[in-house]
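The sequence and the structure come next.

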Amino acid sequence: MAKYSVAIDQGTTSTRFMIFDHAGKVVGIDQKEHEQIFPKPGWVEHDANEIWTRTQEVIAGALKKSNISIKDIAAVGITNQRETTVVWEKATGKPVYNAIVWQDTRTDTICNELAKDGGQDRFRTKVGLPLATYFSGPKAKWILDNVEGVRAKAEKGEVLFGNIDSWVIWNLTGGPKGGVHVTDVSNASRTMLMNLETLDWDADMLKVMDIPRAMLPAIKASSEVYGYAVGALEGIPVAGDLGDQQAALFGQTCFSAGEAKNTYGTGCFMLLNTGTKPVQSNNGLLTTLGYKIGSEPAVYCLEGSIAITGALVQWLRDNLQMIEKSTDIEPLARTVEDNGGIYFVPAFSGLFAPYWKSDARGAVVGMTRYITRGHIARAALEATAFQTREVLDAMNKDSGVDLTALKVDGGMVYNELLMQFQSDILGVPVVRPQVAETTALGAAYAAGLAVGFWANVEDLRANWAKDKEWKPQMDETLRSKEYKNWKKAVTRTFDWVE
């Protein structure tokens, strides 16, 4: 009888392997960072081979540390940084170019060109997304147009395309020796190439982007057996696949329409379950696939994506060397009472929801001689909370439902100062679950469901438990004033790149 379901959590800055028991508790973990490559301003890349190497290392590491036999593992799920794009040779498994990361803005010319006929929302009703550098279709087009010889190979079906989930699953199931080339509905919905209604690659979109269908993975449910692992997980069913934010929604057990979660990672992503029909946004949110369990109907979401939140703390650490480690941000921010009148808008990769302005760039506004490192640290944390408020406002307008509480997860939820300020600026309670690493948990859940390790989603709901709740303490006048100032600061970042 299997005792565990496991997950590969391939994120923007690191890869983790996590082992969960039937109660959804973590019993084993290993994690390793990989290099961030910045060839030019606005360009962000990863070495896909390094990511696969790290993946193998953390699998071996977690199994060794926890002393768990693979005989006790029911299934493995994959969750991944979404939109990060890999194109590789089918025969050798060699990437034709570095992975182009979701934050990368090099495809702005492609997007602007496509927007000339019909604007930024030209394809929104069909694919749920605006024309933006964020998504993987334009990135794949860039590789086909700019890397010599790749287009010809793509036409012949000699190269494969995928988000990182497809790359990991293909390698995990054998790579050049019979690896399966698949993705799930949640990842496919981030390419601009999948039709929201049919859940299949859209012929018109492939034509517009000039992407040969032969290179695309098969679109599957988020919870079903795709194949079997080789290597350290030999013979284990590979049975779950969810983009990281959808995996967090799944791990937070937001299975009913109207339930929402916010994940605080490199970026910040709020998802609201809207049920089995896609809801089009009029307020700058994305219409995206939440998940699909086996042959059940697919579940849709509205999503607000914020590009830079935790990455801003890393930037203060690595680029400015203002702190030694990320956790130093909270004590530094606590050295001051408030932000001292400054607002930090981290539009390093342009602005995502609800603005979708790739020509915006970061700004700190309101600077005076009074400002210290403490104020900058505090303004950096507050930026995450303000951006989340903007997304929540858009979500309330689109869905017609006012959120009563926000479930939160991800690395930054252990920052008490941030969580309290988040509750203050939203005016609703903020709730952290006992297992805050819900992304990996969601992938493990999807895999375990597919093989019967968990019988149904009610089993998963029973596992969810509250760890801590923050209630609003700020008065409405101050909340309104702070938010108004933030909105004013955001406008200062517009149209910076000409």
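## Overall organisation

Of the contacts in the protein between residues at least 6 apart in sequence, 72% join residues at least 24 apart. The model is a predicted one, and the protein in it has 16 helices and 21 strands. Its radius of gyration is 21 Å, close to the 23 Å that the globule rule gives for 498 residues, so the protein is as compact as a globular protein of that length. The C-alpha trace spans about 65 × 55 × 45 Å along the principal axes, and 63% of the 498 residues count as buried. The accessible surface of the protein comes to about 18800 Å², and carbon and sulfur atoms account for 50% of that area.

## The six-stranded sheet

Six strands make up an open sheet with mixed pairing, in the order S3-S2-S1-S5-S12-S11. Strand S3 (26–33) and strand S11 (223–228) stand at the edges with a single partner strand each, so one side of each is left without a neighbour in the sheet. From one strand to the next, the twist averages 25°.

Within this sheet, strand S2 (residues 14–21) and S3 run antiparallel and are joined by seven bridges; Ile-19, for instance, has Gly-28 in S3 as its bridge partner. Helix H1 (residues 48–66) packs on the sheet, where it touches strand S1 (4–10), S2, S3 and strand S5 (73–80), and its direction makes about 150° with that of S3. Helix H6 (residues 164–172) also packs on the sheet, touching S1, S5, S11 and strand S12 (237–243), with a direction that makes about 145° with that of S5.

## The seven-stranded sheet

An open sheet of seven strands has the order S15-S16-S14-S13-S19-S20-S21, again with mixed pairing. Its edges are strand S15 (286–291) and strand S21 (466–470), each of which has a single partner strand, so one side of each is left without a neighbour in the sheet. The twist averages 30° from one strand to the next. Strand S13 (residues 260–264) and strand S14 (residues 268–275) pair in the antiparallel sense, and Tyr-264 stands opposite Cys-268 in S14.

## Antiparallel pairs and a buried strand

| Strand pair | Bridges | Residue pair |
|---|---|---|
| S2 and S3 | seven | Ile-19 and Gly-28 |
| S6 and S8 | five | Val-86 and Gly-162 |
| S13 and S14 | five | Tyr-264 and Cys-268 |

Strand S8 (residues 159–163), which pairs with strand S6 (residues 85–89), has five of its five residues buried, so S8 is largely enclosed by the rest of the structure. In a regular strand the side chains alternate between the two faces of the sheet.

## A pair of crossing helices

Two packed helices are described by the angle between their axes and the distance between the axes. The axes of helix H9 (residues 244–251) and helix H14 (residues 438–450) come within 7 Å and cross at roughly 75°, and the two helices are therefore roughly perpendicular to each other. On the H9 side the residues that meet H14 are Asp-244, Ala-247, Ala-248, Phe-250 and Gly-251, while H14 contributes residues including Thr-438, Leu-441, Tyr-445 and Leu-449.

Notes: Residues numbered from 1 in each chain as written. Predicted model: local features only at pLDDT ≥ 70, side-chain atom pairs only at ≥ 80, totals over all residues. Heavy atoms only, no water. Pairing = 2+ DSSP bridges. Helix = DSSP H or I, 4+ residues; strand = E, 2+ residues; numbered from the N terminus. Axes fitted to C-alpha atoms, helices over the stretch in contact; angles between N-to-C directions. Contact = heavy atoms within 4.5 Å. Rg over C-alpha atoms; globule rule 2.2 N^0.38 Å. Buried < 20%, exposed > 50% of the residue type's maximum accessible area, 1.4 Å probe, protein only. Areas by Shrake-Rupley, 256 points an atom, 1.4 Å probe, with all protein chains shown as cover. Parallel < 35°, antiparallel > 145°, perpendicular 65-115°, else oblique.
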